[in-house]
Amino acid sequence: MTSWSLSSLAYVIPLGSFVLTWIVLTIVIRTWSDRILDHPNERSLHQRPVPRMGGIGVAAGIAASVPFVSQVEWWPLWLGAVILVGISFLDDIIGLPIIGRLLVHFVAAGGAAAGLLLNHSGVGWALLAIVAIVWMTNLYNFMDGMDGLAGGMALFGFGFYALAGVLSGQLPFAVTNAAIAAAAGAFLLFNFHPARIFMGDAGSTLLGFLAACLGLVGWQLGIWTLWFPGLVFSPFIVDATVTLARRLLRRETIWRPHREHYYQRLVLSGWGHRRTVLAEYGVMALCGGFAVLYQYASEEWRLVVLGAWAVLFLSLAIAVKGVEQRIQPVGS
């Protein structure tokens with residue numbers, strides 16, 4: 001596709017992604033609302049069974065945009081995404097062993113990392129990328145536990161990716177991320193509290209996988225340093241990583257369901273879904289702003305930006321602890 005024709009479709013492609021996601025999810029809710037339900041468990045914050053097929057709508061909206069904007073060099077990424085959606089949707093339907101799912105995650109990540117980095121950055125970077133992709137894929141799934149949260153992170157995260165693509169003149173990259181953000185926005189129409197549908201593993205693992213892989217693509221294109229995607233998605237990265245570390249230090253079984261993420265603790269302390277997710281959106285916007293500031297700052301000011309970002313999360317952790325101490329838990 002020529003740059004002129006892509007420019008003419010720069011708004012149409014994300015709109016098409018939004019509309020197709022909305023259509024698919026409308027059909028799913030109307031025809032399959034009593035199937036593949038997410039029942040409340042030890043990890044859940046919801047009180048009633050909710051269908052968890054939303055990821056299919058998100059994946060459909062994204063897939064509709066890929067042929068129009070993707071560079072040939074990015075196709076290993078999309079092949080890995082197809083594999084991941086397939087195994088994750090199967091897990092949503094029948095449930096699969098953790099080790100089996102994890103092996104497929106490594107296969108998808110390995111194919112994407114090899115295709116994107118092996119010839120350009122070497123084996124060392126490719127191996128590091130595999131670990132990062134697998135971790136991002138799974139942590140996004142860990143963080144998908146509250147109405148509007150995972151969809152909101154995708155809307156903000158890929159929205160900032162798209163903005164960076166525009167500012168750097170990388171239009172195909174910008175439109176690709178705008179289409180993903182648009183699909184997430186359509187999903188949020190059905191997922192904001194009280195949610196009518198969840199995205200399930202098919203959606204959450206896909207978004208985590210794309211966040212990591214497109215973060216690497218942006219780095220390879222020279223759009224940003226690796227700090228940029230890390231800062232953009234840090235609301236999920238920090239919460240999931242710190243929570244995992246705390247559980248490891250207590251020698252807990254880390255793959256068992258729990259409600260110890262910071263957002264879960266806020267909801268259980270009386271804040272509720274809506275107030276908590278709106279606060280999370282504010283944090284996402286701030287982190288995206290930090291990422292843009294970091295990217296365009298001098299070396300000296302980059303340290304200041306990172307310091308402010310660290311203070312933000314330290315302050316948030318202290319604030320959540322304070323809320324827990326002041327408010328009697330009332331459930332969700």
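The legends below describe several views of one predicted model. Residues are numbered from 1 along each chain as its sequence is written, and side-chain values use heavy atoms, with hydrogens and water left out. Because this is a predicted model, local features need pLDDT of at least 70 and side-chain atom pairs count only at pLDDT 80 or more, while totals for chains, interfaces and linings use all residues.

View 1. Helices (H or I, at least four residues) and strands (E, at least two) are DSSP runs, numbered from the N terminus. Along its principal axes the C-alpha trace spans about 60 × 55 × 35 Å. Of the 332 residues, 51% are buried, where buried means under 20% relative accessible area, exposed means over 50%, and partly exposed lies in between (1.4 Å probe, protein chains only).

**View 2. The kink in helix 5.** Helix 5 covers residues 98–121 and has a kink of about 40°, centred on Ala114; the bend at a residue is the angle between axes fitted to the seven residues ending there and the seven starting there. The buried residues of this helix include Val104, His105, Ala113 and Leu117, and what covers the buried residues includes helix 4 (75–94), helix 6 (123–143) and helix 9 (200–220). Just after helix 5, Gly122 takes a positive phi of about 95°.

View 3. Pro194 is placed in the loop between helix 8 (171–191) and helix 9.

**View 4. Arg251, a residue with a positive phi.** Most residues other than glycine have a negative phi, and most peptide bonds are trans. Arg251, however, has a phi near 60°, a positive value in a residue other than glycine. Its place is in the loop between helix 11 (234–249) and helix 12 (262–296), and Arg251 is exposed, because its relative accessible area is 79%.

**View 5. Leu15 in helix 2.** Leu15 sits in helix 2, which covers residues 12–32, and this leucine counts as exposed because its relative accessibility is 51%. Leu15 and Leu293 are 278 residues apart in sequence, and 28 Å apart in space from C-alpha to C-alpha.

Key
Contact = heavy atoms within 4.5 Å.
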